[in-house]
Every structure is written in C-alpha cells, then in structure tokens.
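Please read the points below alongside the structure. They are meant for someone who has not looked at it before.

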Amino acid sequence: MSEAAGKLRADKWLWQARFFKTRSLSAKLITGSHLRVNSDKVVKASATVKVGDVLTFPQGNHIRVIRVDAIGVRRGPAPEAQALYTDLSPPQSRDIGKPYAERGGRPSKADRKLGAQIKRGELE
C-alpha cells in the first residue's frame with residue numbers, strides 16, 4: 001500500500017463509517033463543497049483524513065460534527081463502523097416534523113376505544 005497507514009480518502013472513510021450508503025454519494029457531498037475538515041472546505045473526494053481530524057457535513061436535517069478516531073480497513077458492520085468516530089454534534093430531537101409529536105404521540109388502542117365511547121355518548 002503506497003499511502004500512509006494513518007490516512008484515507010475522505011469519500012472512502014465516510015462510506016466505511018456508514019454515513020453514506022454508497023461511496024459515490026459521499027463523493028458527491030464532498031465535490032459539492034459540503035464537507036469541512038478541521039474547518040477548511042474540501043472540494044476533492046481524494047482529500048485525505050487522518051486520526052484526530054474533525055469533519056463537519058450535513059446529513060438529513062441536521063449538521064454532523066465528527067472526530068475521526070480510527071482509519072478503517074473495510075466497510076464492516078455498524079458496531080465496527082461506530083468505533084471509527086466520536087460524534088461531537090449536539091443531540092437532535094427525533095420529534096421534528098412528525099405529525100403525532102404535537103399531540104403527545106400516537107394514541108393507544110385503549111385511548112381510541114375511550115374516544116369512541118365519548119363520541120357515542122356512553123361516557124361523559
């Protein structure tokens with residue numbers, strides 16, 4: 001292997017760490033200037049990342065801030081991929097944009113039966 005053992009292409013690392021389903025999706029994010037490595041914009045997918053680098057990129061509805069803890073050898077299972085990084089981004093609430101979130105969650109079967117009884121006038 002000609003490149004140093006402590007470095008890996010940014011698109012390959014993002015794919016191995018399971019942030020993107022395919023390597024081409026991670027490369028597309030990078031070439032669109034949406035990745036920052038240590039607060040510097042990266043425009044080439046061939047840019048390298050090493051242990052200790054902080055990556056900032058959008059994923060879904062929020063911004064991910066990740067510190068690289070290890071360089072992977074392969075794209076393995078999720079627990080192996082999660083060992084490659086530390087998530088530094090603040091926790092996001094999972095209720096954003098869900099229709100039942102404002103009403104306290106989806107009603108249970110007992111709640112639906114009670115509502116039907118009230119509607120029919122059996123309970124007051």
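Is Trp13 buried or exposed? Trp13 is buried, at a relative accessible area of 0%; buried stands for under 20%, exposed for over 50% and partly exposed for what lies in between, with a 1.4 Å probe and protein chains only.

1. Basis. The model is predicted, so local features need pLDDT of at least 70 and side-chain atom pairs count only at pLDDT 80 or more, while totals for chains, interfaces and linings use all residues. Residues are numbered from 1 along each chain as its sequence is written, and side-chain values use heavy atoms, with hydrogens and water left out.

2. The core. Trp13 is among the residues with the most contacts inside the largest nonpolar core, which has 20 residues. Such a core is a set of buried Ala, Val, Leu, Ile, Met, Phe, Trp, Tyr and Cys residues joined through side-chain atoms within 4.5 Å. At least two residues of this core come from each of helix H1 (10-16), helix H2 (23-31), strand E2 (35-37), strand E5 (54-59) and strand E6 (62-68). Helix H1 gives the most, three residues. Helices (H or I, at least four residues) and strands (E, at least two) are DSSP runs, numbered from the N terminus.

3. Leu55. This residue is also among those with the most contacts inside the core. Leaving aside neighbours within four places in sequence, Leu55 is in contact (heavy atoms within 4.5 Å) with residues including Trp13, Leu14, Leu35, Val37 and Ile66.

4. Aromatic pairs. The whole structure holds five aromatic pairs. Rings of Phe, Tyr and Trp (its six-membered ring) pair if their centres lie within 6.5 Å; planes under 30 degrees apart count as stacked, over 60 as edge-to-face and the rest as tilted. Trp13 and Tyr85 make an edge-to-face pair, at 6.4 Å centre to centre and 75 degrees between the planes. Because Trp13 lies in helix H1 and Tyr85 in strand E7 (residues 85-87), this pair ties together parts 72 residues apart in sequence. Tyr85 counts as buried, at 16% relative accessibility. Phe20 and Phe57 form a tilted pair, with 6.0 Å between centres and 45 degrees between planes. Phe20 is in the loop between H1 and H2 and Phe57 in strand E5, so parts 37 residues apart in sequence are tied together. Both Phe20 and Phe57 are buried. Ring pairs join Trp13, Phe19, Phe20, Phe57 and Tyr85 into a cluster.

5. Salt bridges. Six are found in the whole structure; each is a side-chain nitrogen of Lys or Arg within 4 Å of a carboxyl oxygen of Asp or Glu. Arg23 in helix H2 and Asp11 in helix H1 are twelve residues apart, and their side chains meet at 3.3 Å, N to O. Asp11 counts as buried at 3% relative accessibility, whereas Arg23 is partly exposed at 32%. Arg9, Asp11 and Arg23 are linked in a network. Lys50 pairs with Asp53, the closest N and O atoms being 3.3 Å apart. Lys50 is partly exposed at 40%, and Asp53 is buried at 4%.

6. Surface patch. Leu114, Ile118 and Leu123 form a nonpolar patch with about 250 Å² of accessible area together. Patches take residues with over 30% relative accessible area and no salt bridge, joining like charges within 9 Å and nonpolar side chains (Val, Leu, Ile, Met, Phe, Trp, Tyr) within 5 Å. Areas come from the Shrake-Rupley method with a 1.4 Å probe; for residues, only the protein chains shown count as cover. Leu123 sits in the segment after helix H4 (109-120) and is partly exposed at 36% relative accessibility.
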